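I opened my notebook for a first look at this structure. Here is what I am about to go through.

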Amino acid sequence: MFLVAVITGLSFWDRAGRAGNGFAWFSKFLIGQAVVFAIPVLFFLGGLIFLKPKQKSKFLPVFLGIFILIFGGAGILGSQNLLNRDGGVLGYGLGLLVVNLFGLLAADIIFAAVIMIGLIIFFQSVWTRKPAQNADIEKITKDAKEKRSFFSKIIPQKPLSVKVK
């Protein structure tokens, strides 16, 4: 992920050779000028997530979050000014479709929600906790049963009931 972030970052400043220039042209054509600068940052953050210890790598949520964020950013830029095509071809297509169906304000709200969903999916692997194993749960309950206090051993667990007539 870090390598992809470095290569994409260098390609936008014409420092990655022919392949970098081709990638920069294609990404500017597809998703627009403003969104392409978010790609290296997103891949760098994805690389940091993969460095998290004691957790299996979760490629699908990270890549899915990256793509949803890119679609949302391109869509919101494309819907702002349909004539300039600021969101690239993808943003223009998404913006044109959503603006014609719902209007500009609703399109902005929809694309903002798409960006929020992308952020939640992207950072999901950071916030999730590893569930406890069954052996760990059994050990904890066994230790809790063995560590009963002196009074809990003397006093019965169920209260005595007395019937009065």
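In which helix is the place of isoleucine 66? I found isoleucine 66 in helix α4; helices here are DSSP runs of H or I with at least four residues, numbered from the N terminus.

A note on what I am reading: this is a predicted model, where local features need pLDDT of at least 70, side-chain atom pairs count only at pLDDT 80 or more, and totals for chains, interfaces and linings use all residues. Residues are numbered from 1 along each chain as its sequence is written, and side-chain values use heavy atoms, with hydrogens and water left out.

**Entry 1: isoleucine 66.** I then looked up its partners, setting aside residues up to four places away in sequence: isoleucine 66 touches Met1, Leu42, Phe43 and Phe122, where contact means heavy atoms within 4.5 Å.

**Entry 2: the core.** The largest nonpolar core has 17 residues, and Ile31, Val62, Ile66 and Ile70 have the most contacts inside it. Such a core is a set of buried Ala, Val, Leu, Ile, Met, Phe, Trp, Tyr and Cys residues joined through side-chain atoms within 4.5 Å. At least two of its residues come from each of α2 (17-31), α3 (38-50) and α4 (59-80). In soluble globular proteins, nonpolar side chains tend to be buried together.

**Entry 3: α3 against α4.** How do these two helices cross? The axes of α3 and α4 come within 11 Å and cross at roughly 160 degrees; axes are lines fitted to C-alpha atoms over the stretch in contact, and angles run from 0 to 180 degrees between N-to-C directions. α3 and α4 are therefore roughly antiparallel, a label for angles over 145 degrees. Among the residues making the contact I noted Leu42 and Phe43 of α3, and Val62 and Ile66 of α4.

**Entry 4: two positive phi values.** Aspartate 14 has a phi near 55 degrees, positive although the residue is not glycine. I located aspartate 14 in the loop between α1 (2-11) and α2, and it is exposed at 58% relative accessible area. Arginine 85, also not a glycine, has a positive phi of about 55 degrees. Arginine 85 lies in the loop between α4 and α5 (88-102) and is partly exposed at 45%.

Definitions and conventions:
Buried means under 20% relative accessible area, exposed over 50%, partly exposed in between (1.4 Å probe, protein chains only). Angles under 35 degrees count as roughly parallel, over 145 as roughly antiparallel, 65 to 115 as roughly perpendicular and the rest as oblique.
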